Amino acid sequence: MNYHLLKKPIDQVGVEERVARFKTRSIKKQSKVQAMKLALSMLDLTTLEGKDSPNKVKQICAKAIKPCEWMHDLPSVAAVCVYPNHVRTATTALKGSGVKVASVSTAFPSGNAPMKVKIEDTKFAVEEGADEIDMVISRGKFLAGEYNFVHDEIATIKEACGKSHLKVILETGELESYENVRLASDIAILAGADFIKTSTGKIEPAATLPVTLVMLEAIRDHFYATGKMVGMKPAGGIRKEKEALQYLVMVKEILGEAWLNPNYFRFGASTLANDLLMQLQKEVTGHYQSLDYFSID
Amino acid sequence: MEKTKTQNKELTSEEQKAEINFKTDWQYAASPESTDHIQLKKKYDLFINGKFVAPAKPKYFDSINPSTEEKIAEVAEADEADVNKAVKAARDAYKGKWSKISASERAKYMFRIARIIQEKARELAVIETMDGGKPIRESRDIDIPLAAAHFFYYAGWADKLNYAVPGKTPKPLGVAGQIIPWNFPLLMAAWKIAPALATGNTVVLKPAETTSLTALKLAEIIQEADLPPGVVNIVTGAGKTGSLIVNHPGVDKIAFTGSTDIGKLIQKSLAGTHKKYTLELGGKAANIIFEDASIDQAVEGIVNGIFFNQGHVCCAGSRLFVQESVFEIVMRKLKDRIATLVVGNPLDKNTDIGAINSKAQLDKISEYHSIGLKEGAECYQPACEVPSKGYWFRPTVFWNVSQASRIVQEEIFGPVLTVQTFRTIQEVVEKANNTPYGLSGGIWTDKGSKIFKVSGELKAGVVWANTFNKFDPTSPFGGYKESGIGREGGLHGLMPYLQY
């Protein structure tokens, strides 16, 4: 297939104006509480550091199951996202909780490794028990116009995933234009992605509202054409409750009810959790609790 | 051929499956802007010679909140004696002080007015929304900031008029009579007053009878800014008051924004007089979507083009032309977008579409709606609920219409869009220009050369490319054909107030 023909014009000014308008939506009172709990339930609590230890993974898993010891009526988060070598620790810690384990793979975050290694990387994570695989696309190949390579690589990893869900990280911070974001989204979706994801979190800018809007529109257009639903995961850089709610506003108004749940929308974030908790507590008591009362992970 | 048909059929059944459900479990809670900070009098007199004075005959009419049908305040109706008084005050102020002080001194007052508008922006936005029915998002983000911007912009021109007309020494005309519409009450007042003051003229302004309140708040601001008495006079009332201003021999220039019918009447009555005039009248703008446009952004432009301010916009993109090859997808996306528009309480910060300005306007829009249905057009309206009290009309799209349809030819001035298709550039340009109006137009394409070609051929005063309804004080605005005479805004907007 000639993916060059898939290229669609995207008007940058228009995208950014649309986002500016989404940001004027005012979310208050019970609507805000509901949205914050929803956002919490959509979190992929993430730790992707070279210095990650089994203990840190265990700690984050505990937080994933019960985000705050002393607050009630809180949902668990959607998943914990770790490197493949920590998957076993996470699956053990999360057993029976319903919280999924996601693992990055394919030589995350750069994706610069031979295909063989990427397949092995993925298979290892799946065998260790990962429910979800977060792969990265080969941005170098994409920017060089080798779209078939990018497509086939995703399709191959999808196969290696078996029953595990595949999230495809586009690393939009390296894709330069909204048109490229859109094309990469379309290619990933056609190659079998269950989710498309903005960023690794290792590159600036990570997730932004305009980039997410373009990706949501790609998901919607695929749904229009085929009736098939693909999930969305903005990741990296979303730290505040207010921003998270702006993402939910976009999902609500672009894709509607079917996507407003952790099966089809996720936030890749870790610091966001504590801001959500702090804001939720504020809605209950009317004032802000000190951050010292929320565990850092 | 047959194969294509089958493919289409398959697609249709998939499309039926693929309905997006916008009735989400998570809803936006009501988020109304508070009204407790606004200061409104129960009764407003006429603003003449720097003071609020009772009308000669004690006649007052009600200003109604169109979203609740409740009375907000009583407003004086100016009669002949009052208009005479206002014109005399304006003349005296022109001769006495305003034409004597330096240009930079004039600018000083205008900057002051602009700053006070900014200071009172929140109050003005709330009053604008209560009095006219437009969403607070629009009055807060567009109307009021733009009104201030007009005063700032024209204040800057006051002492640079010699550069506006190089080689000449421009002079003011004298007294300007200005009649403004109800769709952008404060903004239209600013459009009219700012260039008149910058050029050294004095003003008698009449706001529309359904939306006098922000003009009267502007009168208070003018008092606060210590503008010399009589430089701006604001007389309220209906059409009769307007005609008294138009026909007053002491007025040197008429600036009118409103319907084409009234514009024609004004032009007739001004024929053979010394008065200069500018008319900014109706429109039926073509908004053209080419197949190579960025469709999602174009859909947003369609929505902003026609549903901005409930379609009470003379330059609204009310005739949509979509290239045939993208008609299906554009319609589908447009309907889904319209389904997410929030219709209701204009004071709610999430409201996209507020109330229709008046009962009379609602009746007019409803009539066109039934005309459209009678003409056999297909119609889409979202399933949104509207409040039981007040004047409401759901956003409406008609397709299967032709150039001959009345809803395509006539200005509806409401949230009603007609959609036609086209195949070639020549065809769409002919159709777009086939109207007595020519105020604005829109082009959506990814191709720059197409923008230049089509915009050059459209007979319209403003043509937007890959955007719509963008306003800026630096940009001239005005119409071809029956959409008006003269330009307002920008450098061009100075000229109708000058002799040189």
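In which helix of chain B does B:V83 lie?

Author: Happy to. This is a predicted model, where local features need pLDDT of at least 70, side-chain atom pairs count only at pLDDT 80 or more, and totals for chains, interfaces and linings use all residues. Residues are numbered from 1 along each chain as its sequence is written, while chains are lettered from A and ligands numbered from 1 in the order in which they are written.

B:V83 lies in helix α2 of chain B, residues 80-98. Helices here are DSSP runs of H or I with at least four residues, strands are runs of E with at least two, and both are numbered from the N terminus. B:V83 is buried, because 29 other C-beta atoms lie within 10 Å. For that label, a residue is buried with 20 or more other C-beta atoms within 10 Å of its own, exposed with 12 or fewer, and partly exposed in between, with C-beta atoms placed from the backbone. Leaving out residues up to four places away in sequence, B:V83 touches B:A78, B:V235, B:T241, B:L244, B:I245 and B:H248. A contact means that the two C-beta atoms, placed from the backbone, lie within 7 Å. As for distance along the chain, B:I101 is 18 residues from B:V83, and their C-alpha atoms are separated by 26 Å.

Elsewhere in chain B, α7 (residues 185-198) and α8 (residues 213-224) have axes that come within 7 Å and cross at roughly 50°. Therefore α7(B) is oblique to α8(B). The axes are lines fitted to C-alpha atoms, for helices over the stretch in contact, and angles run from 0 to 180 degrees between N-to-C directions. Angles under 35 degrees count as roughly parallel, over 145 as roughly antiparallel, 65 to 115 as roughly perpendicular, and the rest as oblique. B:P185, B:L186 and B:A189 from α7(B) meet B:T214, B:A215 and B:L218 from α8(B). By class, the residues of this contact are five nonpolar, one polar and no charged. Ala, Val, Leu, Ile, Met, Phe, Trp, Tyr, Cys and Pro count as nonpolar, Asp, Glu, Lys and Arg as charged, and the others, Gly among them, as polar.

Now across to the partner chain. The contact between the chains takes 29 residues from chain A and 28 residues from chain B. On the side of chain A that touches chain B, α1 (12-22), α2 (29-41), α9 and α10 (241-254) each give two or more residues. α2(A) gives the most, with six residues. That side of chain A divides into eleven nonpolar, nine polar and nine charged residues.

Two of those helices also meet each other: the axes of α2(A) and α10(A) come within 10 Å and cross at roughly 90°, so α2(A) is roughly perpendicular to α10(A). A:A35, A:M36, A:L38 and A:A39 of α2(A) meet A:E241, A:A244, A:L245 and A:L248 of α10(A).

A:A39 also brings us to the largest nonpolar core, which has 96 residues and in which A:A39 and A:V80 have the most contacts. Such a core is a set of buried Ala, Val, Leu, Ile, Met, Phe, Trp, Tyr and Cys residues joined through C-beta atoms within 7 Å. Helix α9 of chain A (residues 209-226) gives the most to this core, with nine residues. A second, separate core of 88 residues includes B:A73, B:A189, B:V204 and B:I266.
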